[in-house]
Amino acid sequence: MPSSSFLTDISLNHYLILSSVLFVIGMAGVLLRRNVIVILMSLELMLNAVNISFIAFSKFTQNVDGQIMVFFVMTIAAAEAAVGLALAVAIFKRFKEVNIKFFEHLRG
Amino acid sequence: MLLSTVIFLPLFFALVMTFWPQQRTLRHLALGFSLVEFLISLMILSEFDIGSARLQLVEKITWIERFGIQYFVGIDGISLWLVLLTTFITPIIILASWQSIDTKVKGFHACLFLLQTAMIGTFLAMDAILFYVFWELSLIPMYFMVGIWGGARRIYATIKFFIFTMAGSVLMLVAIIYMMYLTQQATGVMSASLLEFYKVQIPFVAGTLMSQQTLLFFAFALAFAIKVPIWPVHTWLPDAHVEAPTPGSVILAGVMLKMGTYCFLRWVIPLFPDATEYWSWLFLSLGVIGIVYGALVAMIQPDIKKLVAYSSVSHMGYIILGLFVLNQYGITGGIYQMLNHGVSTGALFLLIGMIYERTHSREISKYGGLAGVLPIFTIFFFIITLSSIAVPLTNGFIGEYLILMGTFKAAPVYAYIAVTGVVLGAAYMLWMFKRVFFGEKGELVKDEHHPLHDLNLREIVVMVPLVILVFWMGIFPNHFLNWTKSSVDHLVNNKSKYYLEIHETKVAKGIEYGN
Amino acid sequence: MTPDVFLFWFLALLIVGSGLAVLLFTNPVYSALSLAMTMVGVAAIFITLNAYFIAGVQLIVYAGAVMVLFVMVIMLFDIKSEVQAFTSGKISGAMKLIAVGLLSGLIVGGIIMGQKSFVGELSKDAAAQVAEANSAKMKRAAGADAATKELGVALFTKHIFGFEALGVLLTAIAVGTVALARSRGGTHAK
Amino acid sequence: MEINIGLADVMRISPMIAIFIASLLPITTKVLSGNKEPNNLVTLIQGIAGLIVGLVLLTVVGGSGELAFSKSLVFDSITLWMGALAILSAMGAIIIMYENFATNGKQFAELVFLALNSVVGMLILVSAMDLLTLFVGLELMSLTLYLMIAMSHEEKLSKEAAFKYFLLGSFASAIFLYGTAFVFGTTGSTNLITFMQEASSLVQSNRLFLFGISFVILGFCFKVSIAPFHAWTPDVYQGAPTPHTAFMATAVKVVSFAAFLRVIATKSLVGSEGLFDVLQWLAVITMIVGNVGAIVQTNLKRVLAYSSISNSGYVLVGVITAGISDTGFFGASAVIFYLFSYCLMTLGAFAIVSILEKNENHMISLDGLKGLASRRPVYAFCFALFLLSLAGIPPSIGFFGKFYLFNAAVGEGLIWLAVWGVINSVISVYYYLKPIVYMYMTEGESEIAGHNLSATTVTMIVSAVFIALLGMLSGPIFSAVEKSFIN
Amino acid sequence: MDHSVLMAILLLSPFIGFLINGVRYKQPTYKLSGGIATAAVFISFICSVLLFSDLVGLPADQRKIHVKFFEWLSVDKFKVDAAFYVDQISGIMILIITGVGSLIHLFSTEYMHHDKGVTKYFSYLNLFVFNMLILVLGDSLLTMFVGWEGVGLCSYLLIGFWFTDKEKAAAGMKAFITNRVGDAAFLLGMFILFSTFGTLNIQEINSLAPTAVETSWLGALTLGTMFLFVGATGKSAQIPLYVWLPDAMAGPTPVSALIHAATMVTAGIYMIVRLNPIFIVAPNTMMVIAIIGALTALMAASIGITQWDIKKVLAYSTVSQLGYMFLAVGVGAFGAGLFHVMTHAFFKALMFLGSGSVIHAMHEEQDIRKMGGLKKYMPITHWTFFLGWLAIIGIPPFAGFFSKDEILWMSFHSPMGSPVLWAVGALSAGMTAFYMTRLMCLTFWGKSRVPKSVHPHESPAMMTIPLVVLAFLSVVGGWIGIPEVIGHTFGHIPNYLGDWLAPVIRPIPNLAPADHSLEWGLMGASFGIASISAFVAYHFYVKSPEIPGKIAASIKPVYELVFKKYLVDELYFKTIINPLVEISRKIWFYIDVNFIDKLTYIIADLIKGGGGVTRSLQTGNVQVYAMYIAIGLVVALSIIIIK
């Protein structure tokens, strides 16, 4: 129930909710999309959502450590993206396919 | 060091067996080893103080200090004969398997010796964890014995055996741990020593399952009940017996089942006196049901081994009955019946094994008229049958009589029902005997191309000690009972608050006593 | 509605919209572009939260490097359009959506309800002190430069170990990805 | 802000430095020799030497309980024991890699490099006191691992396994990070020490913190394959080259539990009944899922994977115990000892799997073990020993591991968990016995690779000897672990 | 000689005989084996005589020779010695057992000479004697029980001696199991007595026995004695457990003579006599005993009339005579019972051996319809059998007359008796006379119906000598127990047996003084009934052999019923044995296989099914796995929040 104060007073909660929405969108992407690249993108979305939270907290608690966290997360996210894409390339080369549903040989 | 020697010498033998290079001399070596072990175990008799109810020849070394777990072994009148039974029956088994076990001989004997260690250890361990270790350890060699050298459905049988027994005993582990904590509460020091356990007063509330003592009681009792086995958790036994090779059946019936009943006497009845008293009706009933049920079901079995297996259920029912009437007669009878059952059912399985080697069948209907063809075999079988159906002057009678008398004194109703087992026991055994040995020659017996040969010298040598024991125990029961008397008296007289002390002068030499 | 508020709502809509676009576009190239848009939006949000340095890094690393990587790989795969962009199972699809929806509900609920006690009770003592100290520091370094400097100092003193570890990580990843490419079945296998 | 970072801090991280430097040796050699694969044995020796040096240094620096790098690292008993365990397991795994078809030969230098870096990540993980550092260690360990798996000479399943592992791992990392964000937001710090004291009251009063800590814990649950976060485990264990599976099942699991223990040590469980309940149920569900799942499997590696899941369930019982215990460190010690026994058994089991594999594409099924006992008695015997130990049959070390674990649980009043544990160990007996049935009790032509893997065999035999003997001698070991906590 | 040595020889001699013959069981040397066995029993007989004479030498109230060998079993307060004692009662029994026993051994030597298993046979026979001696000499109920079961065992072995015949093996089994039913009751009886008296020692029990009569049906003594009596019905073939005895004729004929006529089957009576102090104070039990005894006597006699197998006739006769004995002890006339045991041992052993001689001569033919006129072929057999016949139908002054008459008189006169019991007894006496005469007529007299192929001949001396000796005993055996009423008439002939037993037998309480004229009258009546039936039988079967067939045809249903032994075997099969087997099958099938095992399978299947579920959940699709994580997260968070 968006009250007027909800619309006008931008508090920490707003940022946190924004972050949670983005996080959930990313999660939905991971769960629903079939293209491995898009799944990787969705993962990036999730990490970005986390970053928003960190920065918001950092701002509202006046704590610079949050920014450092984000710095680390971003670095690792980049590394993750690199590894993920490398793996995607490797798997694409083997299967000639990027649709996740073709990678179900290991099961049961 | 005597008890430790008796426990661990077979383990050493097992190792020697494993690495023995010569296939040819393996059996001779094993036989020699087992005889050595038997002779050493006889030394216990000379060291044993017959008049004392205390724990003797004690060896006690700290093992896991953190939990007060010790390497703690000792012997008293209750365990004495079971140990000797174990060492006595092993050479017989080795001799009996001389020809029937022709594959993986090395492994077989290693298993056998390992099993011996586990069983003797179970009988002698006075520390809960040590006991549990031996108790579970005994499963493995048996598992292999049935699984490797067994019959057609051996895998089903051996897994059933293993899982049934294991399922029972794991809850006991939790109960043991809980007992350790209770001991800690009571004495301030955590300990797994049985003697310390005895000192703990465990809260008991009558009329509910949810009291500490009752729960612990059942956790222990379940483990032993499955091992015994008490009806209705007996179904692993017929399968295991039928599929096991002869030596496996013999050791299973002869000693392993006794582990269950012995442990009732050592770990349940004195430890949980109130619960035992309160729930004795249950075990008496199950014992009686076992007696009658086992006998009835044995009667209609088409397979000799299965018949004998169910007869074991019936016989073990007697033992349970004897133990839970909680008087001298019952318990003495129970202990005696353990030995009897070991000797006579063991012998029955040996004999069945011998005939199986000749005909490769255990189906009763295919036999008939065996008495005319194999007279010596028949004589042995008949004597053992008599022992099994408790004819006086054989061992079986003493045990059964004392149990029934004890039951009658304590709870006549159960005795009235149990006594039908006497009739039914004779019925199924003699009916089987008639079908196998009497009448016209069956299809397996009259086969002209493969005439059956009577027992050879080796097989006679296998049987003679057992037959001697059958009569010795039947005619001179006091030779055996005198050794257990003090312990049983002590148990019965102090059943509401049992304690066990260490016989100070009979502490094993060279072992530090104390803490 | 102040500019701050407007900016927030605008960026929030932008981020959520482009995030949804990543999810909903069936063409991966469009998804990638939407992702870039999100990244930029997030960078803008960072700026509104006074994290200028991080915003810069966000633009460079994410919108720059990572996005290029994505696009490169998409090009490499040369996929024009997807036949099955979304998972097909009805039940599992529904369950996924329900799970995701419930999760968002839980988190949002947690945030809103947690906020009541947040800063209020718990941080009154311990966290409030920290916040005060921090805000003092923040105020001392009033400008953007100062904040960045503060960040740098923290990074190379308090978090030096993590920073070095990141170095190790990147080294390992670099070598590893090359090795992967050269491995049997890899893109640069011998 | 008092920042004092000196030589002492650097000294404390010397094991990591040593291992990192050692990891550079093989690839440097390779680069210098014109991208020609150096002798694998040399590479192996370099790797092992690095690990040994790391181990020695760890024993020197670890266990003191001191902090380093502005409280982001701690060198206490968990660091010491779990780190040592991880290093030893990694050593075993690398030895197996040296001879496994899917990993030896080409690119072994890179593999050792990655493995050692993974170990560096593990050491960070076991000593991290800060969620940030912890996360870096976690990622270092995981990312290198994904690459290692993907580098397998087997081209199909290992790639799929690596990708699955990567996807889910990143997914869980995101969740973990999200939780970290909440924790950071509510306490103003990511350092466990700063909110160690208040955590138990915080979880009651602050829902956001509760969420944060839950997310963090559930993130760990993924790494240690607690159901329902376990689903990757069977697939990845099966698809990955056997030595890597051994590596994951032992070292990775150990250090993940170490970090788990650290988070649990904040006593959040004491405050939140819900979290406490959830973890207990997760432990039970994990045991059941692992054991029940293993029963129907026919692929040996999958069986071991499910077994590994169930073992996580057992360990979780210990972790919970450690989390609620306020007297001593019984639970943590039990976890460490159990993991020690578990590593020995699992390493041994995978060593045998590796030995039996005929080529890099070969998947061993249970049927393939038929008649192994008569053809390769030593392997069969050792494998039987490992399986029985895994089943918890005394007097193997597996029994004592379980004994300590359940003892701790009973001591903390978690009897029902102990009961579930022992009931599950009965179920587990069924599938642990099945390979023994095939090896010993059925006749058949077992699939045996016609080669001798001497180093792997040595690993296997060493494990077997330890399993057989250390059970009986476990008392002093356990006491040593526990005492190190008290000091 | 020292008594313990004598006792040891007495007991061990047959046992050693058993061992010797047992070890050489395959030898077909009938003379040697028979010689060993006979000698063994004869040595026992000599010992018995020596012991008996020593007993006679003792003063009347101290007549007891007690020998303890060792303590057999002692648990807590329960102590049983391997101890034996000879007193007035057991003294008579050992004489009968070893005396008649040696004669039968002698007879067997010739009778069994063509059998390959002759040595085995003799070893069993010796073992039987050994066990029988333990039974009668044992100083406690438990020792007695040892012999009690032991003789049952030997009986089993000997009935099933020709085991290749399924029927015979089955007969042995039937005997043993039926006996076991009794033995089980015997055990219960022992338990009750032990609970009551704290001992199983017979002398102690007897001395502890209360003097007051116990009227309650559920009193310890009544219950205990009742169970002991049930035990006795097993061993001594009374209703309802008599069914095994007719079948037991499957064994060799001398066995029937020794075990199933002279010795073992009287063990039940012996036991009751030995424990008479406790039986006499349990009138309810006594009543049951008397009624059962009388009914058995009547029923068995009626069946005996219709049988065609010479041994079956004798078997039913034995059952009937045993019924008499129980009637005697049931009315408190323990001495009379024991007296009849003795005389019956003589004449019934004689008749069995005689029938054995006939069967031997007829080449194993047992159907009396195929005999007749054997008198001229086998005179010695005929004449000895004739004397036995006179004894059994109760013609004075042959042995049977005195004992039977005393029983009938006491059943009338004793306060526990009644005219009805007397009437039943007299009726059965008449029937006995009828069927025994019928047997005589059909076998020895009348026209020969012997098939052409068979050439009957007199048996050799080794078989006839025992016959002659037993015939002599059947004639004179009764003279030691001449009742007072006759003794007075013919001068003062004392009742030796009565006086001998007096110290160990409790007198019947409230016994009125005898009315001599009534006694004479009853004696005459029973004699009359016997003579008339004997005459009628003679008329039927020698003079006009067509009459019996006509009578049988006219009362066909009744005749059939009696001929088929009242269908009791069929009844037992239908109501007990078959249902039991059926129930066994059912419980095995429904409980073991379909319930307990099935339950374990269900559990196993559940677990396996669970495995299948996990397997199917493991789809291989990584997004599904992620979904599990998400769901887990949601559920966990919900629980955490709710709590």
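Colleague: How do you know that chain B and chain C do not touch?

Modeller: Contact requires C-beta atoms, placed from the backbone, within 7 Å. The nearest C-alpha atoms of chain B and chain C are 37 Å apart, and the two chains do not touch. This is a predicted model, in which local features need pLDDT of at least 70 and side-chain atom pairs count only at pLDDT 80 or more, while totals for chains, interfaces and linings use all residues. Residues are numbered from 1 along each chain as its sequence is written, and chains are lettered from A in the order in which they are written.

Colleague: Which chains share the most contacts?

Modeller: Chains A and C do, of the eight pairs of chains in contact. Chain A and chain B, by comparison, have no contact, and their closest C-alpha atoms lie 25 Å apart.

Colleague: Why is α4(D) called roughly parallel to α16(D)?

Modeller: Helices here are DSSP runs (H or I, at least four residues), numbered from the N terminus. Helix α4 (residues 77-99) and helix α16 (residues 330-356) of chain D pack at about 0°, with axes 10 Å apart. Angles under 35 degrees count as roughly parallel, so α4(D) is roughly parallel to α16(D).

Colleague: What makes up the contact of α4(D) with α16(D), by class?

Modeller: It has 13 nonpolar, three polar and no charged residues. Ala, Val, Leu, Ile, Met, Phe, Trp, Tyr, Cys and Pro count as nonpolar, Asp, Glu, Lys and Arg as charged, and the others, Gly among them, as polar. The residues of α4(D) include Trp81(D) and Gly92(D), and those of α16(D) include Phe340(D) and Ser354(D).

Notes. Axes fitted to C-alpha atoms, helices over the stretch in contact; angles between N-to-C directions. Helix = DSSP H or I, 4+ residues; strand = E, 2+ residues; numbered from the N terminus. Parallel < 35°, antiparallel > 145°, perpendicular 65-115°, else oblique.
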